[in-house]
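Biologist: I would like to go through this model with you. Please tell me what each term rests on.

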Amino acid sequence: MKFMKLGTKPDSFQSKGDNVRYATTELETEIIIIIGNVKFYLHKFPLLSKSGFLLRLIATSKNEEEKKNQIDEIDISEIPGGSVAFEICVKFCYGITVTLNAYNVVAARCAAEFLEMNETFEKSNLVYKIDVFLNSTIFRSWKDSIIVLQTTKDLLSNYSEELLKRCLDSIASTASIDTLKVKWSYSYNRKKKLENVKKPEDAVPKDWWVEDLCDLHMELYKQAIEAIKAKGKVPNTVIGEALHAYAKRRIAGFSKGSMQIVDKSLTDTIIELIPGEKRSVSSSFLTKLHRASIFLGYEETVKERLKKRISEQLEETTVNDILMYDLDMVQSLVKEFMNRDPKTHSKASVAKLIDGYLAEKSRDPNLPLQNFLSLAETLSSFPRQSHDGLYRAIDMFLKEHSGVSKSEKKRVCGLMDCRKLSAEACEHAVQNERLPMRVIVQVLFFEQLRANGSSTGYSTPELTTTTLNTEDDEWDHEKEF
């Protein structure tokens with residue numbers, strides 16, 4: 001952390017209890033400054049030689065007759081930074097050594113401005129010296145800029161607004177620079193997370209700064225992100241990653257999708273800051289925000305906007321992302337997805353997603369047959385290179401719903417094309433007592449055709465086998481699908 005020392009004299013200030021501060025000199029006290037419940041017993045000359053505010057205030061406080069044999073008492077409890085910041089200014093007036101750093105410089109700067117300790121009153125006054133320190137040191141340091149920004153939230157005054165803007169500009173400018181110019185010493189947290197990088201200085205990612213800003217209060221964080229976005233140099237995907245990191249840090253249970261108590265204003269801010277560009281945030285992040293909006297009772301327009309964003313990248317969503325949704329909500333997402341006329345490969349990915357979702361939801365014995373069929377039939381036109389995932393969902397449903405009728409079983413199994421089952425799935429199906437005999441015969445028939453095609457060296461696209469995706473369970477006669 002950078003710091004600056006002002007003054008050369010040793011500290012001659014003493015305390016009497018918690019509420020009295022005084023300068024130990026041979027001269028008698030001439031003035032008492034009251035700030036809140038703290039009284040400062042001071043001398044006029046050091047103060048009046050550097051503070052235009054105190055000079056004017058003391059000159060008008062009493063007439064000459066009243067001043068005789070009395071000590072002036074002045075209450076300036078409204079001073080920014082309170083008694084701590086005022087003491088820094090007083091020590092500067094007395095020439096006593098004071099140390100300025102990122103934690104106290106803003107309060108000291110606001111107090112000095114309030115006291116009119118500027119160039120108009122005296123050359124190289126405190127405001128000037130602090131500004132030199134800020135511009136030459138603090139605002140050139142990433143870490144110190146963040147600390148300074150955090151201290152501004154306690155100084156709700158006009159004096160801190162300009163400092164706030166300058167600090168935000170410093171942070172936005174640093175976050176926007178070319179990563180080739182970034183040193184790992186800038187960041188507090190990210191370097192620790194890259195365990196496998198041998199030379200961190202040569203591998204700075206574009207989102208190197210996102211973890212550091214998570215320490216900021218919500219309103220300051222919002223202003224920082226808006227300032228970074230205004231620069232126009234940081235990709236929207238990095239902004240999205242920053243918002244995701246902030247949500248994980250600030251919303252309890254967010255990373256696991258099990259939010260219990262959510263700050264609505266915090267969620268508002270995150271949703272508001274999401275870039276409009278498609279895929280700027282992950283589907284996982286969007287689904288968590290959407291569930292939070294439902295939990296908090298948001299207006300339908302907000303929930304619909306999030307739902308539309310999810311549907312726009314539904315092919316990138318995982319089963320875990322949507323597992324907390326009921327079938328009606330998932331069907332709504334699928335229909336929204338279909339409305340934008342997706343490409344074939346996207347449809348295939350969504351079909352695989354919904355097959356996995358149905359397999360998990362089918363574990364619930366109370367899942368209505370019509371709900372299962374309705375969602376599955378919505379995707380009946382979607383291309384599937386393999387029907388293994390759909391078979392797994394059907395098998396799980398039949399296992400947990402043993403009371404379905406023969407006609408209902410026929411309708412459920414009618415969703416599946418036996419020609420598109422892999423050899424492993426076929427081997428499982430022919431021994432599956434939950435399937436209707438007609439389906440088992442079909443599987444045997446197409447397996448025989450497949451075997452004959454292999455022996456003669458011919459095959460058809462419909463009968464081409466496919467290997468299981470790595471996300472599917474290993475096929476095993478002992479396992480249920």
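Modeller: Start with contact: it means heavy atoms within 4.5 Å. Helices (H or I, at least four residues) and strands (E, at least two) are DSSP runs, numbered from the N terminus. This is a predicted model, where local features need pLDDT of at least 70, side-chain atom pairs count only at pLDDT 80 or more, and totals for chains, interfaces and linings use all residues. Residues are numbered from 1 along each chain as its sequence is written, and side-chain values use heavy atoms, with hydrogens and water left out.

Biologist: Which residues of α5 meet α8?

Modeller: On the α5 side, they are Val106, Arg109, Cys110, Glu113 and Phe114. Their partners in α8 are Tyr159, Ser160 and Leu163. By class, this contact has five nonpolar, one polar and two charged residues. Ala, Val, Leu, Ile, Met, Phe, Trp, Tyr, Cys and Pro count as nonpolar, Asp, Glu, Lys and Arg as charged, and the others, Gly among them, as polar.

Biologist: What do the axes of α5 and α8 do?

Modeller: Helix α5 covers residues 105-114 and helix α8 covers residues 158-175. Their axes come within 9 Å and cross at roughly 135°. That angle makes α5 oblique to α8. Axes are lines fitted to C-alpha atoms, for helices over the stretch in contact, and angles run from 0 to 180 degrees between N-to-C directions. Under 35 degrees counts as roughly parallel, over 145 as roughly antiparallel, 65 to 115 as roughly perpendicular, and the rest as oblique.

Biologist: What is the angle between α17 and α18?

Modeller: Helix α17 (residues 327-338) and helix α18 (residues 344-361) cross at roughly 175°, and their axes come within 12 Å. Leu327, Val330, Val334 and Phe337 in α17 make the contact, with residues including Ile354 and Tyr357 in α18. The residues of this contact divide into eight nonpolar, one polar and two charged.

Biologist: How do you know that β2 and β3 pair?

Modeller: Two strands pair if DSSP finds at least two bridges between them. Strands β2 (residues 13-16) and β3 (residues 20-23) have four, in the antiparallel sense. Phe13 stands opposite Ala23 in β3. Three residues lie between the strands of this hairpin, where Gly17 takes a positive phi near 70°. On to β5 (residues 38-42): three bridges join β3 to this strand, and the two run parallel.

Biologist: What makes the pairing of the five-stranded sheet mixed?

Modeller: The order of this open sheet is β2-β3-β5-β4-β6. Strands β3 and β5 run parallel, whereas β4 (residues 31-35) and β5 pair in the antiparallel sense over five bridges. Ile32 stands opposite Tyr41 in β5.

Biologist: Why is Gln370 called partly exposed?

Modeller: Gln370 has 44% relative accessibility, so this residue counts as partly exposed. Buried means under 20% relative accessible area, exposed over 50%, and partly exposed in between (1.4 Å probe, protein chains only). Gln370 is found in helix α19 (residues 369-378). Glu408 is 38 residues away from Gln370 in sequence, but they are 9.7 Å apart in space, C-alpha to C-alpha.

Biologist: How many of the 481 residues count as buried?

Modeller: The share is 47%. The chain has 23 helices and seven strands.
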